[in-house]
Amino acid sequence: MEAYINGLSVISPQNTFNNSDFLSEPVVYTTNYLSCIEPSYKEYLNPTLARRMARIIKMGIAASNICMKDANVAMPDAIITGTALGCLEDTEKFLWAIIENEEQFLTPTSFIQSTHNTVSAQIALQLKCMNYNFTYVHKGFSFESALLDSLMTIAEGEAQNVLTGAHDEMTDKYYKVCDRIGYWKKENVSTFDLINSKTNGSIAGEGAAFFMLGAQKGENVYAKIRGLKTIYKPESAAEIEKHINQLLAEKGLTINDIDVVLYGINGDVQYDHVYYNLKDGLLKNSSATYFKHLCGEYQTASSFAMWIAAMILKTQNIPHAILIGENKRKPIKNVLIYNTFLNIDHSLLLLSAC
Amino acid sequence: MSKKIYITGLGIISAIGNNVEETLDFLNKQKSGVSSLDNIVSRYQHQLPVGEVKASNDELKKLAGIEHLPDNTRTTYLGIIAAKEAVKNAGINNMKEFRTGLISATSVGGMGITENLWFDYLNPEKTGEWLRYIETHECGDSTESIAESVGATDYVSTISTACSSSANSIMFGARLIKHGIVDRIIVGGTDSLSRFTINGFMTLMILDNEHCKPFDAERKGLNLGEGAGFIVLESEEAAKGKTILAELSGYGNSNDAYHQTASSPDGAGAYLAMEKAFKISGLKPENISYINAHGTGTAINDLSEGTAITRMFGKNVPFISSTKAYTGHTLGACGGIEAVFSVLAINHNTVFPNLNYKNQMPEVEFTPTTELLTNQKIDHVLSNSFGFGGNTSALIFSRHN
């Protein structure tokens, strides 16, 4: 199962959404709560409609819109998304109203928009797209499940072009709630100091990313997705290594073929060792890069990583902002993404140059 | 790659029983499991008709056999009870023998607890052991607990597409087997009642304050319900030598692309989903013996679905019923629960009735089956599930020969 990435867009805490710059001047944050740099929505949405829409829905629609233009595809054959928390802002709004007003005087808008599949549904509604439409909501596997489904849909011949995306938003309230169970660092950490942090917790982030995956290579092709694996609670570092070797073997590749690895290093001293085990061990000959200092930690952050991997493969450039050490390899043919959310959900994603 | 998808185990808990045996007895008694809301402290407690599982969280935890573990959400308990039954029913003793995964589905995950503790979560002056419930909010959390409870963790994921969620989990699971990613998979969904859901549906004004009447001209809305339904899917290789209850022969998903919550009057999405399921199965409408309809009892759903079925089947609509009047609408769990009903219909040669029906809908040409029919040859069952966001799904279950 393979597919071409023929178009993409990611709305992130960096200036990424229109693909005109590849992290050449990264935005540096000095707090632990990163919010997206959003486009002006009037280009993508009717303003009357936009006023009633939650921020995450607008981000999803804008990112999918830019992605479709980038790929020059007007109507996808399937829309498949991943989101761990769905439409958080509206969920909180409705929740607050129920409790505060003791189940009275409620209006339906935020309830309607709180449904987890709202973004994929709204994209379908805007496009009048009656095709296959799925939303996966499994923590650190949300985007990976959407991606696997997309690859299967293409392999089945059911679709030529699949619009695959991921979105998760952070809110003030949810930031505070997750802070209570140790998700975030207690001290403020600046973007480029995160990697050297020796404390527990990470920095909060968010994003909306969309990719047009094609059975055929498009004119604007970025890269090819070769395969992916999800590993639930691996028992040991050896188990992760076994899966990496399996994934490569299935594609007729070896460890030496991996030019660049994108690690989900997030500055949390409790879990970052899983990345360093590979970086300094099995994958020591590959160039090492990381990304969560730029987008923050969230369940679907691997979608931001896939944007980076696709951009690296297309431009043959690794921005300084993501490099750990020197770039050892040229040309760049194969990029491996290794990510985990809280050391529970682990995923591997292999991309190759076209 | 397995061409066929075999169903080898069923597990269920809902307002009409805590397991398959109790459920079948209740179905055969032809009475509704809808009663008043008791377990949730709400403005609507002891008033609103709902399909509630009449057991406290402590009782459910015991039933789930996880008294040794920390307390969890009602959604998780319901899911564990149904998934464990399905695994036992499939005679799986050794999970390591084949690559086995679990896909669950839910509409609100751990909301039943979040809505009680949300203000406490936000109050830094309050603290306690209960803070660990924060992580149970995410939909995927119940799935991980369910997967661990049965030891099926080779592939784990969760789907949330509102009321078609668990039909979609069955579809995804079948495809994972066909692609050789797993050999066996436990698929279905779980949802518990919550004030969030009850009040949400209240604002939409689609709840009937009496027992729901699917496909009745005088229908006034739906009754909410709770429960879980899981089935075990196996590849031809994994199922060798086992008792096969039925096959999942077809599946299809489509989008109505008409409105965020309302179905289109012509049922375009529903029609496309059924059409895809027929294409995958190689069957034709005339092969279907029984339709287990989505039939929620709302004006819009039953019109949309009824119109799509009329378009698909013409004057030859087979036996058709909605079983929502038995269980209430269990949202993210209904596709799993109704998959169990569909397989039971095949195994017991039975059509379960559409309760509370009196008046013919003028817009459709069929009349639902209102009495329990036994000794019927039920070879192929079409099961529909439709959700918010225009999500429309259809599954076809077939007798294994």
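1. Of the 354 residues in chain A, 59% are buried; a residue counts as buried if 20 or more other C-beta atoms, placed from the backbone, lie within 10 Å of its own, as exposed if 12 or fewer do, and as partly exposed in between. This is a predicted model, in which local features need pLDDT of at least 70 and side-chain atom pairs count only at pLDDT 80 or more, while totals for chains, interfaces and linings use all residues. Residues are numbered from 1 along each chain as its sequence is written, and chains are lettered from A and ligands numbered from 1 in the order in which they are written.

2. Overall form of chain A. A compact globule with 354 residues would have a radius of gyration near 20 Å, and the 19 Å of chain A agrees with this; the radius is taken over C-alpha atoms, and the globule rule is 2.2 Å times the number of residues to the power 0.38. Along its principal axes, the C-alpha trace of chain A spans about 60 × 50 × 40 Å. Its secondary structure comprises eleven helices and eleven strands, where helices (H or I, at least four residues) and strands (E, at least two) are DSSP runs numbered from the N terminus. Of the contacts in chain A between residues at least 6 apart in sequence, 79% join residues at least 24 apart; two residues are in contact if their C-beta atoms, placed from the backbone, lie within 7 Å.

3. Domains of chain A. The domain assignment divides chain A into domain 1 (3-214) and domain 2 (225-352), with bounds that come from an automatic or database assignment. The C-alpha centres of these two domains of chain A are 21 Å apart. Their contact involves 48 residues from domain 1 of chain A and 37 residues from domain 2 of chain A. On the side of domain 1, the elements giving two or more residues are β1 (3-11), α6 (142-155), β4 (161-168) and β5 (207-214) of chain A. The largest share, six residues, is that of α6(A). By class, this side of domain 1 has 26 nonpolar, 17 polar and five charged residues; Ala, Val, Leu, Ile, Met, Phe, Trp, Tyr, Cys and Pro count as nonpolar, Asp, Glu, Lys and Arg as charged, and the others, Gly among them, as polar.

4. Contact between the chains. In all, 47 residues of chain A are in contact with 46 residues of chain B. Elements of chain A that give two or more residues to its side include α3 (88-100), α5 (118-127), α6 and β6 (223-232). The chain A side divides into 26 nonpolar, twelve polar and nine charged residues.

5. Strand β6 of chain A. Eight of the ten residues of β6(A) are buried, so this strand is largely enclosed by the rest of the structure. Strand β6(A) runs antiparallel to β1(A), to which three bridges join it; two strands pair if DSSP finds at least two bridges between them. In β6(A), A:K224 stands opposite A:Y4. Strand β6(A) also pairs with β11 (residues 345-352) of chain A, in the antiparallel sense and over eight bridges; here A:K229 stands opposite A:L348.

6. A parallel pair in chain A. Strands β7 (residues 260-263) and β8 (residues 287-290) of chain A pair in the parallel sense over four bridges, and A:L262 has A:T289 as its bridge partner. From β8(A), A:S287 and A:T289 point one way and A:A288 and A:Y290 the other; all are buried.

7. A sheet in chain B. Three strands of chain B form an open sheet of mixed pairing, in the order β2-β3-β7. Strands β2 (35-36) and β7 (224-225) of chain B stand at the edges with a single partner strand each, so one side of each is left without a neighbour in the sheet. Two bridges join β2(B) to the antiparallel strand β3 (residues 49-51) of chain B, and B:S35 has B:V50 as its bridge partner.

8. Two helices of chain B. In helix α5 (residues 139-150) of chain B, eleven of the twelve residues are buried, so the rest of the structure largely encloses it. The buried residues of α5(B) pack against α3 (74-89), β4 (100-105), β5 (156-159) and β6 (184-191) of chain B. After α5(B) comes B:G151, with a positive phi near 75 degrees. Helix α6 (residues 165-178) of chain B has 13 of its 14 residues buried, so it too is largely enclosed by the rest of the structure. Just after α6(B), B:G180 takes a positive phi of about 75 degrees.

Notes: Expected span 1.5 Å × (residues − 1).
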